[in-house]
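Me: I have a model open and want to learn how to read it. Can we go through some features one by one?

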Amino acid sequence: MREVEITSVRLLSEPLPMSQLHDNVPPFVQRYLNSAVCLPDKAGQTLLSVLFLLRPALKDIVTELEEPDKPVQVRGPVGRAIVQVRDAVGNALQMAGFGKEPLGEWSPPADLEASPEGFLSQLPEGTAREDPLIIRDAERFVGWLREESPDVDWRAFRRGGQRLIIGNCNRQPDETAMGVDLIYFHETRRSFVLVQYKRLERADGDWSYYPSRDRNLDRELDRMRVVDTTCANVREEDDYRLNSGPCWIKLCRSETTIPRTDELVQGMYLTRAYFERLRKSSGVLDGSRKGIRFGYKTVPRYLDNTTFGQLVADGWIGSSGTGSDLIERQIKASREGKREIVFAVVTGEDKKRAERTQERRQGMLL
């Protein structure tokens with residue numbers, strides 16, 4: 001079931017009885033009025049046309065309800081960090097096979113830059129906090145983040161027999177923060193994925209990232225290379241991967257607004273190894289006076305949000321047989337690098353893709 005939050009109530013001067021609406025719509029629309037399923041687009045448009053014909057005054061009210069909330073403006077370093085944290089949270093939901101709807105339930109503060117709260121703390125808590133299994137998971141996993149800092153936001157989600165815990169530790173909430181790391185762990189598969197965020201700035205007629213301007217890059221790549229090498233030495237005969245290297249880089253657009261929807265920031269996902277190959281390959285990336293440039297016009301291939309999330313959810317990418325000690329080392333390394341950490345772990349029953357697809361379809365019908 002879904003929770004429905006009522007944000008406003010309108011008193012109609014002339015209500016329309018359901019029976020009258022039913023009698024005036026075509027038969028192919030009538031069958032939806034007595035069921036709990038969502039109306040297809042054609043049936044929905046037909047229903048609204050009849051509704052406005054019978055009650056013209058309702059058109060303004062429906063139009064207002066259909067208008068999306070205006071996006072939140074991003075003006076400073078705190079807002080830019082929230083953009084990436086929000087995206088990492090949505091990424092974790094998607095990789096776990098959960099819906100990204102919680103992103104659309106975000107309640108932004110009046111002043112984004114002045115608020116001491118992080119993105120997760122501004123999401124509704126829901127009923128998950130009362131679930132004994134989720135509380136137990138949170139104590140186990142979020143405790144890794146709390147080791148050096150008491151300021152940890154966390155949210156929990158449940159879908160069938162699976163539980164998703166997301167924690168956020170922000171030690172550097174200002175312009176000294178060097179970015180965001182998403183550390184994702186699928187406990188049942190013993191699979192680990194690390195996504196490091198880098199900003200694409202609008203430059204040279206494209207969204208661009210210049211490695212030569214990032215003084216932390218070489219040190220971060222060294223750390224990721226060690227992780228990939230460690231995981232390459234772990235073999236699980238019955239757990240096949242298209243790519244078992246856990247380290248990825250997301251080059252994401254430096255947006256000036258945060259949408260009030262569940263969409264992720266557009267960008268490019270590259271494995272650490274592919275990123276380094278492109279960086280070293282002569283003539284592949286645009287070699288201007290400013291140095292090599294990663295951008296949509298220069299990077300030959302990359303994964304987008306949907307493809308990346310689906311591949312992780314289905315177990316095609318990510319490490320195999322990874323222990324918790326490696327994850328704890330990555331959390332420590334991220335802290336030492338002054339990177340904000342979004343840590344997500346999914347535990348419980350591991351569903352097949354067909355089961356997750358069926359659950360998503362059922363969710364759409366509720």
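Me: Where is the place of Gly 283?

Reply: First, note that this is a predicted model. Gly 283 sits in a loop, between helix H8 (272–280) and strand E10 (294–295).

Me: Is Gly 283 buried or exposed?

Reply: Exposed counts as over 50% relative accessible area. Gly 283 has 72% relative accessibility, so it counts as exposed. Its C-alpha atom is 9.9 Å from that of Thr 298, which is 15 residues apart from it along the chain.

Me: Now helices. Which residues of H7 are buried?

Reply: Start with the general idea. An α-helix has 3.6 residues a turn, so residues three or four places apart point the same way. Now the case here. Helix H7 covers residues 217–232 and reaches 22 Å from its first C-alpha to its last. Its buried residues are Leu 217, Glu 220, Leu 221, Arg 223, Met 224, Val 227, Asp 228 and Cys 231. Seen down the axis of H7, they fall within an arc of 160 degrees, so they line one face of the helix.

Me: What do the buried residues of H7 pack against?

Reply: Their partners include strand E5 (191–203), strand E7 (247–253), H8 and helix H10 (324–336).

Me: At what angle do the axes of H5 and H9 cross?

Reply: Two packed helices are described by the angle between their axes and the distance between the axes. The axes of H5 (residues 77–95) and H9 (residues 305–313) cross at roughly 50 degrees and come within 8 Å. H5 and H9 are therefore oblique to each other.

Me: Which residues of H5 meet H9?

Reply: Asn 91, Gln 94 and Met 95 do, and the H9 residues they meet include Phe 308 and Val 312.

Terms used. Residues are numbered from 1 along each chain as its sequence is written. This is a predicted model: local features need pLDDT of at least 70, side-chain atom pairs count only at pLDDT 80 or more; totals for chains, interfaces and linings use all residues. Side-chain values use heavy atoms; hydrogens and water are left out. Axes are lines fitted to C-alpha atoms, for helices over the stretch in contact, and angles run from 0 to 180 degrees between N-to-C directions. Helices (H or I, at least four residues) and strands (E, at least two) are DSSP runs, numbered from the N terminus. Angles under 35 degrees count as roughly parallel, over 145 as roughly antiparallel, 65 to 115 as roughly perpendicular and the rest as oblique. Contact means heavy atoms within 4.5 Å. Buried means under 20% relative accessible area, exposed over 50%, partly exposed in between (1.4 Å probe, protein chains only). The expected span of a helix is 1.5 Å times one less than its number of residues. The arc is that of the directions from the helix axis to the C-beta atoms.
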